Amino acid sequence: MRLPEPSQILLPLADSLRRHPKRVAASLAVLLLGTGVTAFGVAPLAPDAALLPVRQVLEAVEPLPTQAQTDLLSDFRFKLFRTESTRSSDTADTLLKRLNIDDSAAAAFLRSDANARLLLTGRAGKNVTAEASDSQQLLKLSMRWPTDDETMFKRLVVERGAAGFTSRIETAPYVATTRLSSGVIQTSLFAATDEARIPDGVAVQVAEIFSSDIDFRRALRKGDRFNVVYESLEADGEPLRTGRVLSTEFVNAGKAYQAMWFQPPGTDATGAANKGGYYTLDGQSLRRAYLSSPVEFSRISSGFSMRFHPILQKWRAHLGTDFASPTGTPARTVGDGVVEFSGVQNGYGNVVFVKHRNGHETVYAHLSKLMVQKGQTVSQGQTIGLVGSTGWATGPHLHFEFRVNGVHQDPMMIAKQSETIPVAATSMPLFRELAAGVKTQLLAAATITQTRAE
């Protein structure tokens, strides 16, 4: 019997599929469904697994050699690290105990060594980092603190060696990191910065930057907000001091104020590097001819208005501004000028008069110490004395007056009206480039509470 050729079968099948595609597809579906049903019906015919025979296989397993690893682990030693802040009541023993160190030799060294005694002298709250063995023996101890040099810090290191403990004091540079933050005013600027974990030094700088435009003592409103980008100076990863505010934005009563730090490239006529300053983002300097305050931002106890005199016991015009500050707070001149008087005068006590151009004069009274002499030239921001309570004063504060041709004026208004200087035309291309980046930074700061970008 001769079988048909494959082509004789496939050609009629292809022709049928071409003529009746729906009928062929339906036939295939029925065929597959029938196969599925058949499979469903056959499945129960499989044998019960419980009836299948079970066979147990046992094999001997040789353990891996672990003695060498055990020997190595027996000699393994680990180190412990811990940081604590010093307390005013601390002794060498109590400090080491909080560091989880039980080492009488280390305690004796901290009590006897001149460098090590710096741990427990001076102010409390210094961060101390210890490195200890697994048997609670001190291996290394270090502490860092700031110096008068704003670029360097000091580090105390106590270390255990073969011959016992040694100590040394090192000097090292800070590492500057950039931080972004924001806040909302509910009661005061300092309350808002505390809530946002922003250092007081940053709050003071923000108030200083916008002092000629915003009265931070009287004009803040609940709901005012701010964004700030600033430097943090760190020592071995520990923030030790506040650096410069790089850019900031403050929205007061719905009006936005922005500022950025800019130092023009090049040098001045004397060959020194050009001085930097704060500018609005369109290039206007925020440095005016006069500062609005003769002390860093602080609480005002009595403004430019009528008041009940605490000593004379009667109402009279208060033709100045009183700045409540602790004794010894630096008092600074608000503008360039020449000292016209420095000495004791009636109810002013120790007082300094500074003569400025255009018939302007400023007065700084109740000082505890005078630091300038008559005829001396002074520049804006220079310390001319220290706050005190000499003369007719019931407590330490600085009484400040601003006179124009002998007539008393509100110093805040004078500061606002004083002139500004724009960025030089030659520096504007660079300034605009930097200002574009500042806008992006401030937008980023507005979206976060506290972070750090390094």
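**Cores and a helix in a predicted model**

Reader: Which residues have the most contacts inside the largest nonpolar core?

Author: This is a predicted model, in which local features need pLDDT of at least 70 and side-chain atom pairs count only at pLDDT 80 or more, while totals for chains, interfaces and linings use all residues. Residues are numbered from 1 along each chain as its sequence is written, and side-chain values use heavy atoms, with hydrogens and water left out. A nonpolar core is a set of buried Ala, Val, Leu, Ile, Met, Phe, Trp, Tyr and Cys residues joined through side-chain atoms within 4.5 Å, where buried means under 20% relative accessible area, exposed over 50%, and partly exposed in between (1.4 Å probe, protein chains only). The largest such core has 24 residues, and those with the most contacts inside it are Leu189, Phe210, Phe216 and Phe250.

Reader: Which helix supplies the largest share of this core?

Author: Helices (H or I, at least four residues) and strands (E, at least two) are DSSP runs numbered from the N terminus. At least two residues of the core come from each of helix H6 (189–195), helix H7 (200–209), strand E7 (225–235), strand E8 (238–252) and strand E9 (255–262). The largest share, 5 residues, is that of H7.

Reader: Why are the buried residues of helix H5 on the same side of H5?

Author: In H5 (residues 104–112), the buried residues are Ala106, Ala107, Phe109 and Leu110. They lie on the same side of H5 because the arc they cover around the axis, taken from the directions from the helix axis to the C-beta atoms, is only 160°.
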